[in-house]
Amino acid sequence: MTQPLAGRTVLVTRPAHQATALAQKVAAAGGTAFVFPALGIEPVAADRLAAALAYLAGADIAIFISPNAAQFGMAAIRAHGGLPDALRVFAVGPGTARALAEQGVEDVVTPDGQDSEAVLALPQLQAVAGRQVVIVRGVGGRTLMADTLRARGAEVRFMECYRRTCPHADPAPLLARWQKGGIDAVTVASAETLHNLATLLGEPGALLLAATPLFVPHEKIADAARRFGIAHVVATPGGDAGLLDGLVNWFRNKTGSKHE
């Protein structure tokens, strides 16, 4: 059977510690992954989490926003004695739930969807008046979840355990390959990653980025990419598996190979 990504090179922009899984999926489908991390993740200093960790000790609900929240949040929580026994744990999306499972956290509630709206629609989060909630996330981000839960009567605090950065990376090897037609698709997992990628590429890469099919795991990111001026934006199902499905479906619909 012909491998669906044979002869195709896919730009993988996930943070360095998260790029391997998608790169391996691309390779398994016959493609080549060009890994160029366009987002950096750094832990927040432990002393800045003290108040949130103290609040967590008496909380009823913890909501982990992302796999990074699971990784960095649980590292800090374990260093302070672990999760309270009675705490109800929620995860935004199956990727975050898997990351929590890898950290030894069981009985995690996660919706079918991949965003805050899907979590807020869960029946377990409708009657939360008087409950104490901790949202584990990176520094900054959307306030929809906190605002909605507060409107439902909950007391909400953030535990911001990591920050996102723009890596210091040399784009020259990537640009050289791209200019020779050596990048067939780009994957990004957030609007911030796309912005960083454009910044790192600079003016020489702007036209290349705009003209290359871009695959993103959520319609909100797709909307941001279209406003950014990307000509072909494909919103896929969530996670690495969803991105791979989107890539495979796109190139299966192309007749022949770019080399023909």
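Partly exposed means a relative accessible area between the buried limit, under 20%, and the exposed limit, over 50%. The views below show a predicted model.

**View 1. Arg164 and Glu192 form a salt bridge.** The N to O distance is 3.1 Å. Arg164 belongs to strand E7 and Glu192 to helix H8 (residues 191–211), so the pair ties together parts that are 28 residues apart in sequence. Arg164 is partly exposed, at 26% relative accessibility, and Glu192 is partly exposed at 32%.

**View 2. Arg137 and Glu160 form a salt bridge.** Their closest N and O atoms are 2.8 Å apart. Because Arg137 sits in strand E6 (residues 132–138) and Glu160 in strand E7 (residues 155–165), this pair ties together parts that are 23 residues apart in sequence. Arg137 is buried, at 9% relative accessibility, whereas Glu160 is partly exposed, at 24%.

View 3. Arg226 is partly exposed, with a relative accessible area of 39%, and Asp223 is partly exposed, with 33%.

**View 4. Asp115 lies in the loop between helix H4 (94–102) and helix H5 (116–120).** Asp115 has 16% relative accessibility and counts as buried. Its side chain makes a polar contact of 2.9 Å with the side chain of His218. Leaving aside residues up to four places away in sequence, Asp115 touches Val92, His218 and Lys220. Salt bridges link Asp115, Glu117, Arg142 and Lys220 in a network.

Definitions and conventions:
Residues are numbered from 1 along each chain as its sequence is written. This is a predicted model: local features need pLDDT of at least 70, side-chain atom pairs count only at pLDDT 80 or more; totals for chains, interfaces and linings use all residues. Side-chain values use heavy atoms; hydrogens and water are left out. Helices (H or I, at least four residues) and strands (E, at least two) are DSSP runs, numbered from the N terminus. Buried means under 20% relative accessible area, exposed over 50%, partly exposed in between (1.4 Å probe, protein chains only). A polar contact is a pair of N or O atoms within 3.5 Å; within protein, one must be able to donate a hydrogen and the other to accept it, and residues adjacent in sequence count only if both atoms are side-chain atoms. Contact means heavy atoms within 4.5 Å. A salt bridge is a side-chain nitrogen of Lys or Arg within 4 Å of a carboxyl oxygen of Asp or Glu.
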